[in-house]
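Here is a short walk through one protein model. Keep the 3D view open and follow the side chains as they come up.

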Amino acid sequence: FLPLLTVLGALLAWFVPVWLEAPVELYWIVRLAAGLLVLMLVASALGQIPRSVLEGENLGYKRMGLSTGLIFVGGGFTALALYFDTGLVGVATATLATTVLTGVFFFYIVRANVPWFGLVKPSLRAVRRFLGLSWWFLVWGFVMQLMLASDIVILGIVDSAELVTVYSLTKYAPETLLSLVAIVVWGTMPGLGGIIGSGYLKRAIRVRSEIMSLTWLVATVLGTTVLLWVRAFVGLWVGEQYYAGPIPTLLIMAMVMQLVVIRNDANIIDLTLDIRRKVLIGVLSVILSVALASVLIRYFNGGIVGLCVGFIAGRAILSLGYPLMIGRILGISPLAQFKSVLRPAPITALLFSLATILGDSVTASGWLELILLVGASFCGVLLLAFYSGLTGGQRTRLLGRVRRLMRPTS
């Protein structure tokens, strides 16, 4: 896919200053920054190879601490770029450096843990066969990029660059949540692809239930903590004038939470290698999300609220369609899936609502105080969510998995 990514990325980098209505004197700066981000996309795609090998070999837990650490390293690179006033190009360079560093580290982790891993030049016939089998995955890759990045582009085109700044800064903490949930959940679960491929559907249902339970727990606890302290965080970071407000922040978190759950089922469907319907529904969802958000922003002056409502409504197709597809694959009835959310969903709504109300009044005088308060509230919310949102059986299974991960291996 390297030639395709390069060509499309070059076109994107060339036209992006026009789409964003940047001043003419800044065209080349914007193009250079966009070009660096295209290189970041290419490097990220290459870095997914060792990452995927780890997950396929059920060794995802080997990267958990490293993945978390690299998030902070990337933030440090960006902070340095801003401190030295390097502008868009410097920030884009920092992002590219983080991606390359991540790929290098994953490469060495795989080399140390997977004896068969290596590089080989494929034959032209093998490349043709691979493309014939996987072009749906290519389309899905573009769909995911649109899901993850089109919100900022739409807001910049339909509204203003100033609102993009407020939205991006407020979204930073909730968006980081998406990466952390993926690291924790998929790093601790067994190789579901092998289970499905072997036909052990009952075991696959149990593992998916654990995945969803752990996803809910991690996303709800982190999401509640973020909603409680994001105003104080943004205020200490760049100033409260860049905080979007309680309702927009709550909707941003709801949008992120929705995408976390969608990606879980999307990843499970990928393991079946039958993704045609998944991709077609995803394309429809992206088109609907972009259309609704654009209308709400342009014609109803919806701003960030309109953007979030449009995307949440457009992705509702996936929130309903993907569980139904999983149900057909694993033999889970729609009624059983509906019953499984009756307990956790109201708990999430209650915790998010309380955090939004309290978050508009709590403050922190400095970074150390904020870190201590965040840690204390995280532990409190974790206990509350663990015992109120999960059944006894779910708690026992998750604790058992944590004990197995903590057990030393020979």
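Start with the aromatic residues. Phe-107, Tyr-108, Trp-116 and Phe-117 make up one aromatic cluster. Bear in mind that this is a predicted model. The count of aromatic pairs comes to 11.

One of these pairs is Tyr-172 with Trp-237. Tyr-172 belongs to helix H6 and Trp-237 to helix H8, so the contact ties together parts that are 65 residues apart in sequence.

Trp-237 has another ring partner, Phe-233. Here the centres are 5.3 Å apart and the planes lie at 35°, so this pair is tilted as well. Both residues sit in helix H8, 4 residues apart, which is about one turn of the helix. The geometry of a helix explains such spacing: an α-helix has 3.6 residues a turn, so residues three or four places apart point the same way. Phe-233 is partly exposed, with a relative accessible area of 23%.

Now turn to charge over rings. The charged end of Arg-31 sits over the ring of Trp-14, 3.7 Å from the ring centre. The charged end of Arg-31 also sits over the ring of Trp-28, at 5.1 Å from its centre.

Next come the salt bridges. The structure holds 5. One of them joins Lys-171 and Asp-151, with the closest N and O atoms 2.4 Å apart. This pair links distant parts of the chain, 20 residues apart: Lys-171 is in helix H6 and Asp-151 in helix H5. Both Lys-171 and Asp-151 are buried. Glu-175 joins them in a network of salt bridges.

Asp-265 and Arg-208 form another salt bridge, 3.1 Å from N to O. Asp-265 lies in helix H9 and Arg-208 in helix H8, 57 residues apart. Asp-265 and Arg-208 are both buried.

Arg-231 bridges to Glu-240, with the closest N and O atoms 3.2 Å apart. Arg-231 is at 15% relative accessible area, under the 20% cut-off, so Arg-231 is buried. Glu-240, at 41%, is partly exposed.

Finish at helix H14, residues 367-389. H14 has 23 residues and reaches 31 Å from first C-alpha to last, close to the 33 Å expected. Its buried residues are Leu-370, Ser-377, Val-381, Ala-385, Phe-386 and Gly-389.

Terms used. Residues numbered from 1 in each chain as written. Predicted model: local features only at pLDDT ≥ 70, side-chain atom pairs only at ≥ 80, totals over all residues. Heavy atoms only, no water. Salt bridge = Lys/Arg side-chain N within 4 Å of Asp/Glu carboxyl O. Helix = DSSP H or I, 4+ residues; strand = E, 2+ residues; numbered from the N terminus. Buried < 20%, exposed > 50% of the residue type's maximum accessible area, 1.4 Å probe, protein only. Expected span 1.5 Å × (residues − 1). Phe/Tyr/Trp six-rings, centres within 6.5 Å; stacked < 30°, edge-to-face > 60°. Lys NZ or Arg CZ within 6 Å of the ring centre and 35° of its normal.
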